[in-house]
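Load the model in a viewer and keep the selection panel open. The stops below are given in the order in which to select them.

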Amino acid sequence: MRYFKTFFSVVCVVCLALCEACSNDYDSWTVSPSALLTFSKDTVAFDPVISTHSSSTRTLLVFNPNGEGVRIQQVRLGQGAQSRFRANVDGRYLASGMGEDFEVRRKDSIFVKIEVLLPEMDRDEPLHYSDELLFTLESGVTQRVVLEADGQDVYVLKGEVISEDRLLKAGRPYLIYDSLVVQKDATLTLEPGVCLLFHDSVSMHVHGRLIAEGTLEKPIVFRGDRFDHLLDDLLYDHTSNRWGGIHFYGESTENVMTQCDVHSGQFGVRLDSLLVPSAIALNMRDCVIHNVEGAGWEAQDTNAEVVGTQISNTFGHTVSLLGGSYTFVHCTIAQYYNWKYGYGDALFLANTTEEGKEEASHPLHKAEFLNCVIMGRNEDVVMGQIEEYQDLKCNYLFKNCYLRTVTSEDEERFVQITYDRDTLDFKKDDVDAPKRYGSKNFAVMGENYLYDFTPDSLSGICGMADVEVTRRYNCLVDRRGTDRLADGASDAGAYEFRAIDSAQKHNVP
């Protein structure tokens, strides 16, 4: 027992000595000029920031890789109290842009939280701001991190009601809170290049008329108001459910949308039953509706024409038609929604619906799909709820289309169809295979959350369109301005084949 006590005492002494040595080493500090800090970034750059609105917070990690601790004598913003940037270092706010006496122990780190608040500049173009965050060490060495941000002025509209004809001019974006309502008998006209930024859940409600005629060089954009990143490689603008959508009510007719980009909403475009059945609710040409939480293009008992348009990636049905009369020409309808499962069909046609305990009839007078591409991950993406009897019309036609659906023997309704059969190019235990169904047809499919539905050169989409239809509907160029008939043929869908290099892949809508 005596020997055990002696041994135990020796062990305790040794452990205490080691702990003391470690503690001394841990608490030792260096003033060597070669003992520098490292930073997670040499430049902290902010996404475009709306003037007078606080930015999201950026985090900078300051790490000490040295074997001894490093004291920071002072941290300051280069422009001091006049800086537009704000910083919190290791839990301490830099009052007047300056703070003193920070410590970073060996192999340890501290965090710096940085924000920016930019003034209104009364100009349309963004203005660049920069500053530096300076770290002066106890050794006298100063290290620096660059801070950068672009400020964007906006026109703010809160609960705006358009009660008489009005023109919104291009220039700085319009930031919309609460709602944007176009009353009956009023027309809202948007100039080419107008950008509407909608705050969370805010929608456009059209009871009157919307004229939104953009151009290839100056499209009209409907989007959410978040410019920043959700993740390092993912912008909020590339996610869905960032704002509401565009809702056309039953009294709204003769609406026009050309070269419009509608994306990242709770829904895309919704059209209610027309109060004047003979009227045209909407003419849409060369537009994009992309990445929305609900339906992309949803209509009930109305009349519309959609030409040269991409409607894609929706949690609800990508296109949903209940009754009415519709013509889709050279459209790409693609269902590759990637945020959650249980998404709807690429195309859903119906002439009946359950209303309470009764089945209601909605005659589908016409649903024409000419020179279209209708694709998605599921093996059959064209679905419906159709009842056919004498008093209930159901007139639909697919002609010169590329479809991912079961082969139909109805030669009157399915004319010159190419059916996608991309189902056997994967192993049965490949759980990611459904994500790639049909993807070989297109240029970019989900790379960095981007999509480009330009047909691949080997796809059956190429050259299968009816050239006469292309000419009749004035689709001589696609929505990007590519000549459809340069090679003597015409591709189905919204896009003509073109070679795309790696740089272009990162600039697709």
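Predicted model: local features only at pLDDT ≥ 70, side-chain atom pairs only at ≥ 80, totals over all residues.

Residues are numbered from 1 along each chain as its sequence is written, and side-chain values use heavy atoms, with hydrogens and water left out.

**Stop 1: Val 373**

Select Val 373, which lies in strand β38 (residues 373-376). Buried means under 20% relative accessible area, exposed over 50%, and partly exposed in between, with a 1.4 Å probe and protein chains only. Val 373 counts as buried because its relative accessibility is 1%. Now show what is in contact with this residue, meaning heavy atoms within 4.5 Å. With neighbours within four places in sequence left aside, the contacts of Val 373 are Cys 331, Thr 332, Ile 333, Tyr 402, Phe 442, Ile 461, Ala 492 and Gly 493.

**Stop 2: the parallel sheet**

Two strands pair if DSSP finds at least two bridges between them. Strands of a sheet pair through backbone hydrogen bonds, either parallel or antiparallel. Select the open sheet of 10 strands with parallel pairing, in the order β13-β15-β18-β23-β26-β29-β32-β37-β40-β42. At its edges stand β13 (166-168) and β42 (414-415); each has a single partner strand, so one side of each is left without a neighbour in the sheet. Within the sheet, pick β37 (residues 364-370) and β40 (residues 394-399), which run parallel and are joined by 5 bridges. Leu 370 has Lys 399 in β40 as its bridge partner.

**Stop 3: the antiparallel sheet**

Next, select the open sheet of 5 strands, ordered β1-β4-β9-β6-β7, where the pairing is antiparallel. Its edge strands are β1 (38-39) and β7 (92-93), each with a single partner strand, so one side of each is left without a neighbour in the sheet. Strands β4 (residues 58-63) and β9 (residues 109-116) pair in the antiparallel sense over 6 bridges. Opposite Arg 58 you will find Ile 114 in β9.

**Stop 4: two positive phi angles**

Most residues other than glycine have a negative phi. Asp 101, not a glycine, has a positive phi of about 60°. It lies in strand β8 (residues 98-104) and, at 58% relative accessibility, counts as exposed. Asn 291 also has a positive phi, near 60°. This residue is in strand β27 (residues 288-292), and at 5% relative accessibility Asn 291 counts as buried.

**Stop 5: the cavity**

Which residues line the largest cavity? Select His 238, His 290, Asn 291, Asn 313, Asn 338, Trp 339, Tyr 449 and Tyr 451. A cavity is a set of points on a 1 Å grid over the protein atoms alone where a 1.4 Å probe fits but cannot get out, and lining residues have an atom within 4 Å of a point. The structure holds 1 cavity of 30 Å³ or more, and the largest cavity has a volume of about 40 Å³, where volume is the space filled by probe spheres set on the points, with grid points joined across faces, edges and corners.

Definitions and conventions:
Helix = DSSP H or I, 4+ residues; strand = E, 2+ residues; numbered from the N terminus. 1 Å grid on protein atoms, 1.4 Å probe; cavity = no way out; pocket = protein on both sides within 12 Å on 5 of 7 lines; lining within 4 Å.
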